[in-house]
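Dear colleague,

Here is the structure I promised to pass on, with the sequence alongside. Please have it open while you read the notes below.

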Amino acid sequence: MRPIEFPEQTTTWAKNQPPYLPLPAYSDERETISLWSLTWKERLRVMFTGRLWLRQLNFGQPLQPQKLTVDFPFVGPHTPSELM
């Protein structure tokens, strides 16, 4: 699984910050949205198990709200950049 770029993105978090993976994202004062691509093996695993893990590094700080979705998260006149 890897984060991928998308037309609505406004920033890339951790750009040029090894050992972190650069995270293309849409960010505003309310939320950050990223798009991830799964390998065929990962797709099959999710299809057959129905499970997807979310690992967050919070470094001892309060947990931030998270939401995984397969739905296009932007509202309004946007057209989904990928239909899947």
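Helices (H or I, at least four residues) and strands (E, at least two) are taken here as DSSP runs, numbered from the N terminus. With that in mind, Gly50, which follows helix 1, has a positive phi, near 70°. Please note that this is a predicted model, in which local features need pLDDT of at least 70 and side-chain atom pairs count only at pLDDT 80 or more, while totals for chains, interfaces and linings use all residues. Residues are numbered from 1 along each chain as its sequence is written, and side-chain values use heavy atoms, with hydrogens and water left out.

Helix 1 itself (residues 40-49) lies largely in the open, because zero of its ten residues are buried (buried means under 20% relative accessible area, exposed over 50%, and partly exposed in between, with a 1.4 Å probe and protein chains only).

As for the aromatic residues, a search of the whole structure finds three pairs (rings of Phe, Tyr and Trp, the last by its six-membered ring, pair if their centres lie within 6.5 Å; planes under 30 degrees apart count as stacked, over 60 as edge-to-face and the rest as tilted). The rings of Phe6 and Phe74 have centres 6.3 Å apart and planes at 40°, so this pair is tilted. The pair links distant parts of the chain, 68 residues apart, with Phe6 in the loop between strand 1 (2-4) and strand 2 (11-13) and Phe74 in the segment after helix 1. Both Phe6 and Phe74 are buried, and together with Tyr26 and Phe72 they form one aromatic cluster.

With best wishes
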